[in-house]
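Hi,

Here is the model I promised to pass on.

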Amino acid sequence: MLLPGLSASLSAQHNGTLKGRIADADTGAAIEYASIILYFAQDSSLADGMVTDADGRFEFSRLAPSEVYLVARFLGYETYTSEAFTVVEQMDVGTIALAVAGQDLEEVEVTGKEITARYKIDKQVYDAGQFGSARGGTAADVLRNLPSVTVDQLGTITVRGATGFLLLINGKPVQAQPDVVLNQIAANAIEDIEVITAPSAKYDPDGHAGIINVITRKGAADGLFLSANGLWGLPSLKTYGNAERSRRYGADVTVNYKKGKWDLSAGADYRRNDRAGGRRGYVNTYEEEILTEFPSQGERSYDEENYSGRASVVYTPDARQSVSASFYAGKRTKTRTADILYRQRRTHIATEQFLGTVSYNELFEQAGSVASNGALVDSLAYFNQNNRVRRGDFLIAGLDYTYTFPDRSTLKASGLFERTVLGGPTRNNNLAWPNVQDTLQRQMMDNDNPLNGLRLQLDYARQLGALNWESGYQYRSLKHPGDFRYLDRNFQEGTWEFNPLFTNSMELRRRIHALYTQVSGQWNRLEFTAGLRVETFSRDVEIARPDTLFELSRFNLFPSANLLYDMGEGLSAKAGYSRRIQRSTTVKVTPFPEREHSEVLEQGDAELLPEYIDLVEVGLVKGWKDNSVFATAYFQNVADVVNRSNTVFNDTILNRIYTNAGNATAYGLEAGASFYPARWWHCYLGGNVYNYRIKGKLFGEKINRSNTVYSIDFNSKFTCSPGMELQLNFNYLSDKVTAQGKDSRIYTPNLTFRKYWFGKKLSVAFQWLNIDMGLLNSNESFTSAWSDDFFLKTTYIIEADVLLLSVAYQVNQPSKKMKFIRSEFGAEEF
């Protein structure tokens, strides 16, 4: 069969050109990095080759008149081979549609099977729709199911065991705290998740675990697209002794209309997501032969409320130009209640007796008293009421302009401005026990932290023969002042008094200038990308009392390279290298302590160094019919790794300080498989195992700690009947060592039942999250730390057996990305 749109006339003219586009045969979506190869028809030798751009387009130029044939291939799709044809001047073959490997379009419609994972030269792409337990939740719930991503009980997200990663929303960098942003995005609004572990030079180098790109749901190609979702949480099965019951409900709506040159999108969402829980702990400190112990137990719950609105406009006056404007605004509030009963006990124990008595293994297992053979000095029971409110009001605006030149090279200019007002009070009351009417101590903390961020970027891309060349410049600036007020109640005078130790002001200023260049292309069966990013980075931290300025400036080089070799029969080999940086947030460089709760202060370091990360990985990918499997071995080195470590502030308070602790290394293997044991049963199994070692100095003491960490992710979907499905998923993360202790294993089983109507336009789902039933202990995890003068173990209890009902309705099937803006700066500090 001839290529579509190919002229039958075969003229023999010089300077021939050949262009076209590669798309998914099912969805019509563009396929980036598809291989396009021209072979001479006479002997099948290579004539030319390239890969497609982000729009799936390719264009050969300066072709001599000759008889050739074209081959288009991409991992997971059937290879397309044209008949032989003669090159003529200005040929346009139109759109070449690639079908999913091992099946045609009719089979897709009959079996309902989907591509759940796709593998590209620099990324892995996961279909978010396959994880039914996440629907009605957030993007963080989707990530929980990916093989290299874990989410612990406190909501902390790690990639290959590292917490720092760069978040993209529809390809736009978000330097904000990913945990916060991902918990703001409704899972229903997500189409795909891209995991980029070895990013190329065109991406921001921030985040030592690589990049996660969230692709939002797509609007109608021409016409109206509407998606509306509602969520209601059933009453909690267990209150955990909390003063108030959890409330869970929410709704989101997205509208997109495209007609001619205009593309309009708008959305609004509201989410209330409370989580009941508790904590129990044991802490001791040893100073001047006095052992102070304070076991504790009580409520630790979270109330979260978020609502926002967003809109975007895209105007395309002609085929060469596109202008888009985006707006995002809203409010978010997170309240933590920690009402804890402490039973403090002080005992005199001689040093030699103490060193002979204390066994950290025994303490770790029992978290109980070790002062049974000492002389009691005194004891005190008190009830601590601690309520912390964290608020953030934000306004973000962005503008983008893209121009395509006649030679199909492109120039894109973009800008983003963000204004975020952060802050919120913390109230700390220590009450007598059991007579809680008697107040022993009352404190109030508050802070105002307005943030202004600006991002300007210019990108240029063009084809240089068989190579695709991209280059650009970026400027980023951040200004983040903060006023911190700490007041103690003077009961005798009936007044509030400022505490000078915790009351201060500061300002963080950060500026980045960056240039990057990279090339990509193909030689025979080998695809490649190589690039270099150069940046100057400066950071100023200014403290009011005492008046001090801390300055840091760096010149950084970030090289990168990726290779993908097609070995035939659906098997490919890949390799990659990337150098990255993890910059410190404002809280990590704030050098004066902030009172978190009764037993803990938190403090940063104004001279904290950024982390530098080198990553090397190699792997294999195999696809056949509806199945796929991959395995990737990797090595990561982190220089000047940052840990949050503990010191003794006084006998009943620990000070948690962010500090550089040396180097951390991890080498491991991650693997995953997507397969169908039966036509009605789809399984996804993923895992990651690595050895983690941290070596260096912490507060002058040498450290050298290591252990093997592993995670397992299993997702199984049963199609019970047309329009009805049952899904079970299970996530497990093993213990992991830290600079001073270790964090426990966590695991979460979930179950989802879903029923569709009207061609899947309407669906109702019942979700059973964090299954426990009082038998599995799946809702408990602990963190621990110890040194010569203290021991700490805290167990967190998160609400289990959460029951949710959700309803979703959509008009028209999706087929394009909606260009909503997301936070660039403020959510990180929130």
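Let's start with a sheet: four strands form an open one in the order β35-β36-β40-β39, with mixed pairing. The edges are taken by β35 (594-597) and β39 (642-650), and because each has a single partner strand, one side of each is left without a neighbour in the sheet. Direction ignored, neighbouring strands here are turned by 30° against each other on average. (Axes for such angles are lines fitted to C-alpha atoms, for helices over the stretch in contact, and angles run from 0 to 180 degrees between N-to-C directions.) Strands are DSSP runs of E with at least two residues, helices are runs of H or I with at least four, and both are numbered from the N terminus. Two strands count as paired if DSSP finds at least two bridges between them. Between β39 and β40 (residues 653-660) there are eight bridges, and these two run antiparallel. In that pair, valine 642 sits opposite asparagine 660 of β40.

Before the rest, the ground rules. This is a predicted model, so local features need pLDDT of at least 70 and side-chain atom pairs count only at pLDDT 80 or more, while totals for chains, interfaces and linings use all residues. Residues are numbered from 1 along each chain as its sequence is written, and side-chain values use heavy atoms, with hydrogens and water left out.

Next, the surface. Leu224, Val253, Val255, Tyr257, Trp262, Leu264 and Val313 make a nonpolar patch of about 560 Å². Patch members need over 30% relative accessible area and no salt bridge; like charges are joined within 9 Å and nonpolar side chains (Val, Leu, Ile, Met, Phe, Trp, Tyr) within 5 Å. A salt bridge here is a side-chain nitrogen of Lys or Arg within 4 Å of a carboxyl oxygen of Asp or Glu. Areas come from the Shrake-Rupley method with a 1.4 Å probe, and for residues only the protein chains shown count as cover. Both β19 (248-259) and β20 (262-273) supply at least two residues of the patch, and β19 gives the most, with three. (Buried is under 20% relative accessible area, exposed over 50%, partly exposed in between, with a 1.4 Å probe and protein chains only.)

Most residues other than glycine have a negative phi, and most peptide bonds are trans. Even so, the bond from tryptophan 433 to proline 434 is cis, with omega near 10°; proline 434 lies in the loop between β27 (426-432) and β28 (439-464). Another cis bond runs from arginine 545 to proline 546, with omega near -5°, and proline 546 is in the loop between β32 (526-543) and β33 (548-568).

As for phi, phenylalanine 699 has a positive value of about 55°. It lies in the loop between β42 (681-698) and β43 (701-721) and is partly exposed at 41% relative accessibility. Asparagine 770 also has a positive phi, near 55°, and is found in the loop between β48 (762-769) and β49 (780-787). With a relative accessible area of 5%, asparagine 770 is buried.

Finally, how many disulfides are there? The count is zero, taking a disulfide as a pair of cysteine sulfur atoms within 2.5 Å. Cysteine 683 is buried, at 2% relative accessible area, whereas cysteine 720 is partly exposed, at 47%.

Cheers
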